[in-house]
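These are my notebook entries on one structure. I set down in turn what I looked up.

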Amino acid sequence: MVIQAPRPDGATAALALADGTVFWGRGFGAEGAAVGEVCFNTSPTGYQEILTDPSYAGQVVTFTFPHIGNVGANSEDIESAVPAARGLVLRMDPTEPSNFRATRRLEDWLASSGLVGVAGIDTRALTRRIRDAGAPNGAVVHARDGHMDIEAAIARAAAWPGLEGMDLAREVTCRQTYRWDRTPWALGNGYGRLEHPSRHVVAVDYGVKHNILRCLAELGSAVTVVPAETAADAILALEPDGIFLANGPGDPAATATYAAGTVRALVESGKPIFGICLGHQILALALGASTAKMAIGHRGANHPVKDLETGKVEITSQNHGFAVLRESLPPGVVETHRSLFDGSVEGLRAEGRPIFSVQYHPEASPGPRDAHYLFRRFTDMMDAHA
């Protein structure tokens with residue numbers, strides 16, 4: 001599918017795909033160009049959380065909801081110090097903020113964060129293209145004076161290697177170990193602090209979202225966050241009550257070249273382990289399963305997931321482009337959750353061990369909180385093995 005639409009008057013931005021398709025639009029945010037995998041997210045809220053989620057490293061996010069920008073931006077609704085997404089694509093120009101928590105316009109925050117945006121795109125056509133043909137590589141380009149080298153943008157998109165085989169955890173992980181004690185946000189109080197921790201969690205940072213750490217602290221766990229390549233001996237030397245394997249971007253098989261051996265050693269330690277997203281995939285690989293790239297991926301706040309052990313259905317927030325292959329699960333590794341959209345594996349547990357993981361995001365704020373119970377499950381496991 002190649003769209004060779006003529007350039008309209010006043011175009012200051014474009015999305016150029018690797019196959020030569022060009023979507024013309026209006027630029028906002030930072031000027032420049034950025035290349036990545038073009039995906040779509042169906043969430044109607046939480047755009048600032050989405051853009052700062054490290055799991056979006058290497059991706060250009062297309063928002064299917066048209067009114068992005070309506071709650072502005074602030075310094076609290078972020079999941080990492082630096083936005084991880086490469087750029088964003090909108091149907092309409094960013095909406096003026098109308099929210100009491102807004103401290104600046106979305107466009108201003110994007111410009112200061114170096115994120116390139118393009119509006120005026122037919123996002124329905126783009127989403128259908130992704131749905132039918134898979135997530136393409138693309139480049140977003142923005143120049144206020146309208147001078148854009150579209151042929152160069154197409155060439156950059158075509159030359160970009162894609163997420164399959166790409167280890168991006170190294171790019172977004174912390175550079176040194178740090179402690180976390182901040183608890184979730186509350187109206188009128190902002191974020192709190194954990195004063196009297198009752199247990200200690202070590203979180204392996206493959207691209208961790210801050211709200212995951214807040215959820216752990218809320219239930220009384222002081223958290224030590226360590227870089228993705230930290231050895232198992234160093235993690236165990238911190239004397240954790242439990243180990244958390246964080247979310248993150250890229251191909252889990254690529255990250256597993258150094259992470260799977262570490263996780264296998266952590267499994268053998270007998271410590272309770274909880275994994276989310278990339279951490280779920282790394283755990284599966286460490287236990288002997290396989291992963292594969294999905295044609296479209298799951299990105300949104302309305303994904304139904306069935307708990308196969310209770311029969312309950314959770315509405316979940318998701319962001320992943322790789323999945324654990326059911327047929328690869330070895331004996332002793334049990335599928336616990338399944339997507340009701342496409343039947344893919346959404347959760348695992350290791351029989352006879354205090355180890356479990358989920359593919360989705362139980363901490364996510366732009367969507368429902370049906371899955372918050374998983375943090376309590378992890379806490380209960382740590383208390384039982386104290």
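I began at the end of helix H3 (residues 123-133), where Gly 134, just after the helix, takes a positive phi of about 90°. Helices (H or I, at least four residues) and strands (E, at least two) are DSSP runs, numbered from the N terminus. I note that this is a predicted model, in which local features need pLDDT of at least 70 and side-chain atom pairs count only at pLDDT 80 or more, while totals for chains, interfaces and linings use all residues. Residues are numbered from 1 along each chain as its sequence is written, and side-chain values use heavy atoms, with hydrogens and water left out.

I then listed the buried residues of H3: Thr 123, Ala 125, Leu 126, Thr 127, Arg 129 and Ile 130. Buried means under 20% relative accessible area, exposed over 50% and partly exposed in between (1.4 Å probe, protein chains only). The cover over these H3 residues includes strands S1 (13-17), S2 (22-29), S3 (32-41), S4 (59-63), S5 (87-89) and S15 (291-307).

Next I looked up the packing of helix H8 (residues 252-268) on helix H9 (residues 278-286): the angle is about 70° and the axes are 8 Å apart. That makes H8 roughly perpendicular to H9. Angles under 35 degrees count as roughly parallel, over 145 as roughly antiparallel, 65 to 115 as roughly perpendicular and the rest as oblique. Axes are lines fitted to C-alpha atoms, for helices over the stretch in contact, and angles run from 0 to 180 degrees between N-to-C directions.

For the contact itself (heavy atoms within 4.5 Å), I found that H8 contributes residues including Pro 252, Ala 256, Ala 260 and Val 263, and that H9 contributes residues including Leu 278, Ile 282 and Leu 285. The residues of this contact divide into 12 nonpolar, two polar and one charged. Here Ala, Val, Leu, Ile, Met, Phe, Trp, Tyr, Cys and Pro count as nonpolar, Asp, Glu, Lys and Arg as charged, and the others, Gly among them, as polar.

I turned to the aromatic pairs and counted four. Rings of Phe, Tyr and Trp (its six-membered ring) pair if their centres lie within 6.5 Å; planes under 30 degrees apart count as stacked, over 60 as edge-to-face and the rest as tilted. Phe 274 lies in strand S14 (residues 273-276) and Phe 375 in helix H10 (residues 373-384), so the pair ties together parts 101 residues apart in sequence. Both Phe 274 and Phe 375 are buried.

The rings of Phe 274 and Phe 378 have centres 5.5 Å apart and planes at 55°, so this pair is tilted. Phe 378 also lies in H10, so the pair with Phe 274 of S14 joins parts 104 residues apart in sequence. Phe 378 is buried, as is Phe 274. I recorded one aromatic cluster, formed by Phe 244, Phe 274, Phe 356, Phe 375 and Phe 378.

I also looked up Met 382 in helix H10. Met 382 is buried at 2% relative accessibility. Leaving aside neighbours within four places in sequence, Met 382 is in contact with Arg 199, Val 201, Ser 221, Asp 241, Gly 242 and Pro 272.

My last entry is Ser 339, found in strand S17 (residues 333-339). Ser 339 has a relative accessible area of 4% and is buried.
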